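Subject: Structure for your review

Dear colleague,

Please find below the structure that I am handing over to you. My notes on it follow directly after.

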Amino acid sequence: MPQPSRALSFLLVIIPLASTYGDEIDFARDVRPILSDNCYHCHGPDEETREADLRLDTRDGLFQQTGDLAIVAPQHPEASELIRRLVTDDADEKMPPPDSQRKLSPEQITLLRRWVESGASWEGHWSFQPIVAPTVPELVANNSPEYLARNEIDHFVVERLQRNNLTPSPMATRERLIRRVTLDLTGLPPTLDEIDAFLADDSREAYEKVVDRLLASRSYGERMAWDWLDAARYADTNGYQGDRERTMWPWRDWVVQAFNNNLPFDEFTVWQLAGDLLPEATFEQKLATGFSRNHMINGEGGRIAEENRIEYIFDQMETVGTVWMGLTLQCCRCHDHKFDPFTRREYYQFFAFFNQTPVNGGGGDPQTAPVIEAPTDEQRAQLEELATSIDALAKGVETTEGSLFPRSAGESVTASDQAAQLPEGVKKALNQKPASRTSEQLTEIEKHFEKTTPEYVAQLKQLRESNDRRNSVQGSIARVMIMQDMEKPRQTFMLDKGLYNQVGEEVSANVPAIFSSLPTDAPRNRLALARWLVDPSHPLTARVTVNRYWQMFFGTGFVKTAEDFGEQGERPTHPELLDWLAADFLNNGWDVKRLNKLIVMSATYQQSSKVSPELLEADPENRLLARGPRSRMPAWMIRDHSLAASGLLVDKTGGPSVNPYQPSGVWAEATFGKKQYDQGHGDDLYRRSLYTFWRRIVGPTMFFDSAKRQTCSVKDARTNTPLHALTTLNDITYVEAARAMAQRVLQDDGVGSLFRPNASPLETPPAEKDSRPLTARRIETAFRLATSRTPSPAETELLATRLKTLEQYYRRTPEDATKLLSIGESPRDEKFDAAEHAAHTGLCSLILNLDEALTK
């Protein structure tokens, strides 16, 4: 990435704007939300519910004039019917009508009057306008505030702060910064050696080197994949009452690899929506289309197949609408959109793109065609080896049968006189070439000749066993549901109220008229749709995508309603910055790693998250970005964090989903006893959360704030209740992590840092012998593993007191120490005193549950 210019390195303030933010009425920011909330339901896009043939969502409708009557007369509120209807006391004329349950406040009415007086400016909805990179605000040198701009992001942020008389916060400490960025880019905490190496590097590029290392790590793709799996509604079962299993995990692994390979987002889009339609589509491109097949599948008895099929397509297209465009297309199933300029006809035209697969909606097969086989590298190698073996064995059998059953060249075995008296079943089997015979046929031949021709039978047995091994491997291969269009296009009809059997007018595939149209020479298929979504002229895809990445780092996007960029969605807090980042994303090849690096390299991201009472009152949610991001880690990250800190985390990428610890009976209760949880063992217990088996009707219990994965979700629901503490204090995963972490701490001899197993080695000079008391050293190690920083003397003293109390307790009650240390399947090193180990386990559990340890 190019380095910022020298001008960006000045200590700075922004040149003041010509006008103040609060004095000027902005139509999009101030007026449209009032009209949208109170007027569009009856005077908006939906023709069926529109009253008096009046539209207030368009320029023509708002400024409509009939004779002397003007809806809005610029600069003349007394002549504007809109204002008159708002202030009249006549219940028959007042708007909104008294029975509509809508009412404008006096402040809103005053604002609308001021807007008319000022000339009644109008503009289209912000997110539907072309993406144009705004000019980056200029900077001037100054001695305050103490803030160093790192890139263009900071210019926009400080300019916004200036308008609100706020200043940025100082930079975060190095320890907090490496923890923040490591968690954000990998979902894991930094190792102690990574922290020490960063603290020891006083070069200007020290932080950038950390960022580059994290972006290049395998863990990056695993972290990035989590949010995408939520959006794609990925799970390992179909949902509904039957909730049968599926094997979509090879698609999940493809997502991880795509992020690690930095597949440009436009290609990432095209492959997932229409990879099968690309010329000479590769295996990976076809596999990627599993995105659209991640929907739930209803296999319940009595369901009508066509009804299922229609529901699946609704899900597919509405997911695309949310993920790529931030639109609530589902509002158009039954009627024109109440607030956004989309009609019911356009909904079903969009539906037509996805209405061409051979899926029939039947629920008998948990993985309905079309599917693609996705063997692992190991399975591919086994199949190749077995194919070679079977070929050689079959040739040996052919040679033997040539001697046992003499016949003319080209004739089958049964043409031989020696085969004339054989049973019909044996004849039928011998008619097949040896390589094509089933195991049952080979067994039948073996039984007939086992007493008379043992050498021949031995050959047949070897061939059969190799066949069986091949069939076993073939049967274990994951089969992934993918997209594929039928040769003969299926007709698409508008459906009354979205009901499968209420068929209306026929429509053909097309995109909403408010956006640029498809190329005239493009076929009306998913490939054309996918390319349209990532065309630079599309106003939504880049904005929506950039907003979600910003949300990933800061907890909230520029647009808080990440799922709704329409009229009812929130207006961006930093519209110019959002557009600048979207344009930059487009103009730099849809490079996701570059975008993420740009964000984390900004001074805005690197700020301290400490907040004063004054700043908390002025900006409680940090929407103006006067401080660094601070939020509770999601449950999946808390689990991975604890496993990493304990040293239990298994560094293994990909493969079938695993079953870690889970309370017994959860599956059985949710499925009326039909499904039993078969807990894994060994490595399966300590894999990253991404690889946990996800039963759709009852998700993994330890993920208390995760999406349900039943429908598309693009926004985390962060919660904080005592129930979460019950999990992180008592669940086997967390108790075992505390025990293993305590063992790591007890192994510390005071020399150097502890390495996390499987972490990439960093070259750091050996540390000198630490002369501090052993207890203090151990407390520091535990505290750093959980929080990435060194505890203060007061914190160390407090924790030492607690440790002493715990050890005294476990020496009095050794049975409790034994019980605690027996939790979890990982082995305990018996060389450590049980009471001391149990006490340190309690201490590590306490530290892992500190707010600071659970917070990013």
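In these notes, contact means that heavy atoms lie within 4.5 Å. Helices (H or I, at least four residues) and strands (E, at least two) are DSSP runs, numbered from the N terminus.

Please note that this is a predicted model, in which local features need pLDDT of at least 70 and side-chain atom pairs count only at pLDDT 80 or more, while totals for chains, interfaces and linings use all residues. Residues are numbered from 1 along each chain as its sequence is written, and side-chain values use heavy atoms, with hydrogens and water left out.

Helix packing

Two packed helices are described by the angle between their axes and the distance between the axes. Axes here are lines fitted to C-alpha atoms, for helices over the stretch in contact, and angles run from 0 to 180 degrees between N-to-C directions. Angles under 35 degrees count as roughly parallel, over 145 as roughly antiparallel, 65 to 115 as roughly perpendicular and the rest as oblique. A crossing is right-handed if the near helix is turned clockwise from the far one by less than a right angle, and left-handed if anticlockwise. For residue classes, Ala, Val, Leu, Ile, Met, Phe, Trp, Tyr, Cys and Pro count as nonpolar, Asp, Glu, Lys and Arg as charged, and the others, Gly among them, as polar.

In the pair α29 (residues 732-747) and α30 (residues 774-787), the axes come within 9 Å and cross at roughly 135 degrees, which makes α29 oblique to α30. Their crossing is right-handed. From α29, Met741, Arg744, Val745 and Leu746 meet Arg778, Thr781, Ala782, Leu785 and Ala786 of α30. This contact of α29 with α30 comprises six nonpolar, one polar and two charged residues.

Helix α12 (residues 265-274) and helix α20 (residues 526-533) have axes that come within 9 Å and cross at roughly 155 degrees; α12 and α20 are therefore roughly antiparallel to each other. The crossing of α12 and α20 is right-handed. Thr269, Val270, Leu273 and Ala274 of α12 make the contact with Arg526, Leu527, Ala530, Arg531 and Leu533 of α20.

For α31 (residues 793-812) and α32 (residues 814-821), the axes come within 5 Å and cross at roughly 105 degrees, so α31 and α32 are roughly perpendicular to each other. Tyr809, Tyr810, Arg811 and Arg812 of α31 are in contact with Pro814, Asp816, Ala817 and Leu820 of α32. By class, this contact of α31 with α32 has five nonpolar, no polar and three charged residues.

Salt bridges

The structure holds 56 salt bridges (a side-chain nitrogen of Lys or Arg within 4 Å of a carboxyl oxygen of Asp or Glu). One of them pairs Asp315 with Arg233, the closest N and O atoms being 2.8 Å apart. Asp315 lies in helix α14 (residues 305-325) and Arg233 in the loop between α10 (218-231) and α11 (249-260), so the pair ties together parts that are 82 residues apart in sequence.

Backbone details

The peptide bond from Met95 to Pro96 is cis, with omega near -10 degrees, and Pro96 belongs to the loop between α4 (81-87) and α5 (106-117). Ala369 and Pro370 are also joined by a cis peptide bond, with omega about 5 degrees; Pro370 is in the loop between α15 (344-353) and β5 (371-374).

With kind regards
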